[in-house]
Number of protein chains: 4
Amino acid sequence: MIIVLKPEATKKEIKHIEDKIHELGLKPMLSVGKERTIIGIIGEEDKARIQPFEAFPGVESVMQIQKPYKFVSREFKKEPSVIKIAPGIEVGGNEIIIMAGPCTVENKERLISIANAVKKSGAKVLRGGAFKPRTSPYSFQGLKEKGMKFLYEAKKITGMPIVTELMDPRDIPLFLKYSDVIQIGARNMQNFELLKEVGKTRKPVLLKRGMANTIKDFLLSAEYIISEGNHNCILCERGIRTFEDTTRFTLDISAVPVIKKLSHLPVVIDPSHCSGIWDYVAPLSKAAIAVGADGLLIEVHDDPEKALCDGPQALKPHKFDALMQEMRGIASVIGRTIA
Amino acid sequence: MIIVLKPEATKKEIKHIEDKIHELGLKPMLSVGKERTIIGIIGEEDKARIQPFEAFPGVESVMQIQKPYKFVSREFKKEPSVIKIAPGIEVGGNEIIIMAGPCTVENKERLISIANAVKKSGAKVLRGGAFKPRTSPYSFQGLKEKGMKFLYEAKKITGMPIVTELMDPRDIPLFLKYSDVIQIGARNMQNFELLKEVGKTRKPVLLKRGMANTIKDFLLSAEYIISEGNHNCILCERGIRTFEDTTRFTLDISAVPVIKKLSHLPVVIDPSHCSGIWDYVAPLSKAAIAVGADGLLIEVHDDPEKALCDGPQALKPHKFDALMQEMRGIASVIGRTIA
Amino acid sequence: MIIVLKPEATKKEIKHIEDKIHELGLKPMLSVGKERTIIGIIGEEDKARIQPFEAFPGVESVMQIQKPYKFVSREFKKEPSVIKIAPGIEVGGNEIIIMAGPCTVENKERLISIANAVKKSGAKVLRGGAFKPRTSPYSFQGLKEKGMKFLYEAKKITGMPIVTELMDPRDIPLFLKYSDVIQIGARNMQNFELLKEVGKTRKPVLLKRGMANTIKDFLLSAEYIISEGNHNCILCERGIRTFEDTTRFTLDISAVPVIKKLSHLPVVIDPSHCSGIWDYVAPLSKAAIAVGADGLLIEVHDDPEKALCDGPQALKPHKFDALMQEMRGIASVIGRTIA
Amino acid sequence: MIIVLKPEATKKEIKHIEDKIHELGLKPMLSVGKERTIIGIIGEEDKARIQPFEAFPGVESVMQIQKPYKFVSREFKKEPSVIKIAPGIEVGGNEIIIMAGPCTVENKERLISIANAVKKSGAKVLRGGAFKPRTSPYSFQGLKEKGMKFLYEAKKITGMPIVTELMDPRDIPLFLKYSDVIQIGARNMQNFELLKEVGKTRKPVLLKRGMANTIKDFLLSAEYIISEGNHNCILCERGIRTFEDTTRFTLDISAVPVIKKLSHLPVVIDPSHCSGIWDYVAPLSKAAIAVGADGLLIEVHDDPEKALCDGPQALKPHKFDALMQEMRGIASVIGRTIA
């Protein structure tokens, strides 16, 4: 940690800061420059971080040197983490995992029909929402427990593991029973109580990036889960909020190489929610493969006009199938595979 | 609702859209322009909104005319809402209510000492966090239930009602017992399960704007609370996320007149969290009064160096007292009062 | 154009608006809904746009139906535009054009050596800055005219056409003499006087998107150039400003399919400036090819440590060469070519 | 400057960096921490900044300690700068200067009539655009030289000095002749050639903040002007681009106290352009006074329906007059004056 002093900081103020650093069991290191004096703190920065040095007289600013997270960092674990979802289905390995399905579970028949279609095209995991976070209280809120059961039936029929969103810590028993991957949505990325609860389970968690959260925030939210003991964490970039309004969110595709540099966790991309419009899903999916994503979460619906949620962003099964072909080609160029 | 058609939309596609509108019990109105054909929907737009017209062939875009919220809107209720917090303490009336206190409850003595100080200067409500949403799992997470009890004791001693943050629906009984206003933090503004739960109570709710949420999103979150039956909703602007990094967030001060135009709900400002630095708190507080805010949420701490959370943004009691004086002057110029 | 009226708009106010529409030679069309009355304007929206209807009493908001640009739009020209840069070098066709070179021209020898290297790897156009827009007045501002001459010499030796940035309308004669493509930088995307001046030439223009400009703004800036008569306009996405700080800007990769839907102009991507860090350049370049970009603008430097500008984002020639191989593979999967 | 090394940095890499620092005539200072090693550079950071240390092997990141600007900084000049615009009219002193007038000069009679009205209400400077930067080439571009002459005539009649926007360096002679303050618009804040040119004059410059520019960028653009010798620089906050769409831009009101902490230059606020809607102008103007702005730039028009540009954001003269009264009251509370 570097404490930058104001030009007018007094000796007494400097002494006071140094004393406090010693009290924490750390060693201050003073560097008197021509225009600025700084105090470096050698040693474990975590200890220093609990002290609000910005509030000390004479301090202009405080710069962190060390990363604020541990378990999620590349330094903690050099090799990429591979998260096992089901027998033979792992995220973070050489194979890129495609998760597909409807935005919302609407009824059993449609769900199974879509599941069969995406499975045939090569998707390995079935996505579908039973509990839906909707901006408006007047929008369809999901089939809830009934939807969870439909997902479970679709799993039994197709053999595909299920990823679905959890919104309330009180629903965890239901998710332990029916889901294979617990999704934490963008709007709950900093719902820390929920993160702690899924951290206490050992289910794989798919953590979506909040629409206004930096990658540092994102990794700290993953740290919440892992520090509770659940190392099965998959990160998902799904677009951030910017001024651009032709797409619903702005896909931050750079997040993939940035996270891969900072962390060992796998990263997948959701091209459906970020764009909000189906004809952008194919180019963004191909870009996601090329940039190095470990998986994709794609919305597929066989009758988007009748979808109860986000119809405009769903691909029809035949378009999804064509996209899978192209993605396989790109995966092969960069030395990876798609089933 | 206006459905804008693609230039190449066919008659069959137009017919298909019109049929669907009739099915919903609404009346389509076709306008054929030189470059674009549009279909207006006359009648209750809510009914049309459930249909994903963007997913229909031939549709270029869909424009909403009516607001997506009801109970929070000015059209639903013309006069400003006045929310009663405690006998003689109302937010949204002519008096501007100052809520002050430490970021976090640290111990009973300090809390009571700060409470007495802010009360003496004119604050009407005591703020203090017992459950703390922290970006890092390694930061101090609050005293939790113990903190709630300290707040309750401070209330008994000072007579000040308490505003404190709720993060987990399972803690509601605790909040019903010990708090006067339930705060929903920015990170939980779209934690819809939590919104529904506080909507089922009749306690006043202070809903903070999410850092990446538009005012429309914000009003829809308030609509979640009110549509469950709890009309005691106070909105709080606390800064949005932008590229500017000299302040922690960018205070969107325009949100006050904008919300007052769209809604009857009272709006308060939190100048401490948005700036993150104490010496910006006074100018922003004065601006908040001048722009028309109904209240302020200000962090005050008697020893910021020792604060367990957000020390750098806390005002010392004597600075808070001086600020109160100036704010009273400004309130008087615009025809309002501060105690 | 749709004029949405306030619920309380009077008959007199409505009449006044209708009269004004008639005056403009257009036809108002009133639709009285249950909660809102709207006035549609049938006919050429351009004529209506000059009138500030938002300022009329009784008006709540105004919605544009037609696009505000013409020449750049897909409706004006259905087939993609192909811009000829030099004999056999066209942007917007099936071949993806790679433009590479140093950020800044530093000296003749280095420039020629880099030019030879990138040419050997398959780059078709040489990039290099002679006039440099630098945030700080104390940063190196470029070799200016001397740099232009070095670029010209590099062109004579390598046969590669030159793309380089213009900042001042007074330098146009120099650019007409020495450059093949005039680059307008992000900071000048709304320097309308400069746009008009390059619009008067017939040189190909590479227009970079401003860091805070929507795609609509971007297309309108291109419209400035084309409406002056210069149809040789290439658009370049180079990252927008967001809150994320691990990269210098956030590459808005969705801009490629969005622009291709709205416009016939070719779109290239600059992965070097948006990330600011060389090891993100390769994954972003591959993503750019996969998403459908018509070209790339990549910084290459043989000794980044000594670069006078933006060294940290430059690829070394051997890394650039390896990247070209991978990009060729991806181009082939999507049915395109790279030399 | 602090150079943070990668955990795996080798001794050879460290030596190489230290050698380079010595070469620059500076002194490296190595601190070996438990998890990170850093190299501090003692001495003039400017010299170190020209070297792209991020591009050196073994370097993880580089942190600046010193501010990148000089002349604009509080450390360079402790007392606030007071910029003289005309005899008895100074920006940055105790008096808050109100600049008002139409967005665009439309004709002589209207301009003079508005000028007389705003003068009567207490405005000290007349604003009005002759050269207009418009997003669309089809919008009214201003009366240009003719508009400048009308402004000059209005000045002769009313005695009010003129502030008007310059867009092209070739028009400087015209501005030297007819204007009193040269405005550089938001879209040209990083048009560095234009900044250098106005830096060579001695006319007061009103520099508007770019819509995507940080305060650091803003101060560096002012540094361009001052480093050319023109110290008469007034900064203007006019809103930044964010995701919020109920206002045209988001007024960053915190910019006033932030800039006043970092710089000695006066800061004014433009509440008309940031909101884009006249009924937000009054509350934002009052907030601007309360937050400590040194002046305001307000659009006033006597017939907004007929305004050729930005009619919806203009105040009518009687509303402006009422606002002036309230602003005087607020100014007095904070110990300042308005004429």
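Start by selecting chains A and C together: 33 residues of chain A are in contact with 33 residues of chain C, contact meaning that the C-beta atoms, placed from the backbone, lie within 7 Å. Now colour the side of chain A that touches chain C by element. Those giving two or more residues are α8 (255–262), α10 (278–291) and α11 (317–333) of chain A; helices here are DSSP runs of H or I with at least four residues, strands are runs of E with at least two, and both are numbered from the N terminus. Pick out α10(A), which gives the most to this side, with 8 residues. By residue class, the side of chain A that touches chain C divides into 19 nonpolar, 9 polar and 5 charged. Nonpolar covers Ala, Val, Leu, Ile, Met, Phe, Trp, Tyr, Cys and Pro, charged covers Asp, Glu, Lys and Arg, and the others, Gly among them, are polar.

A word on what you have open: this is a predicted model, where local features need pLDDT of at least 70, side-chain atom pairs count only at pLDDT 80 or more, and totals for chains, interfaces and linings use all residues. Residues are numbered from 1 along each chain as its sequence is written, while chains are lettered from A and ligands numbered from 1 in the order in which they are written.

Hide everything but chain A. Of its 339 residues, 59% count as buried, that is, with 20 or more other C-beta atoms within 10 Å of their own C-beta, which is placed from the backbone.

Strands β5 (83–86) and β6 (89–91) of chain C pair in the antiparallel sense over 3 bridges; pairing takes at least two DSSP bridges. Ile83(C) sits opposite Val91(C) in β6(C). In the hairpin, with 2 residues between the strands, Gly88(C) takes a positive phi near 80 degrees.

Last stop, chain D: select Ile234(D). Leaving aside neighbours within four places in sequence, its contacts include Ile83(D), Val91(D), Leu207(D) and Leu265(D).

Methods:
Two residues are in contact if their C-beta atoms, placed from the backbone, lie within 7 Å. A residue is buried if 20 or more other C-beta atoms lie within 10 Å of its own, exposed if 12 or fewer, and partly exposed in between; C-beta atoms are placed from the backbone.
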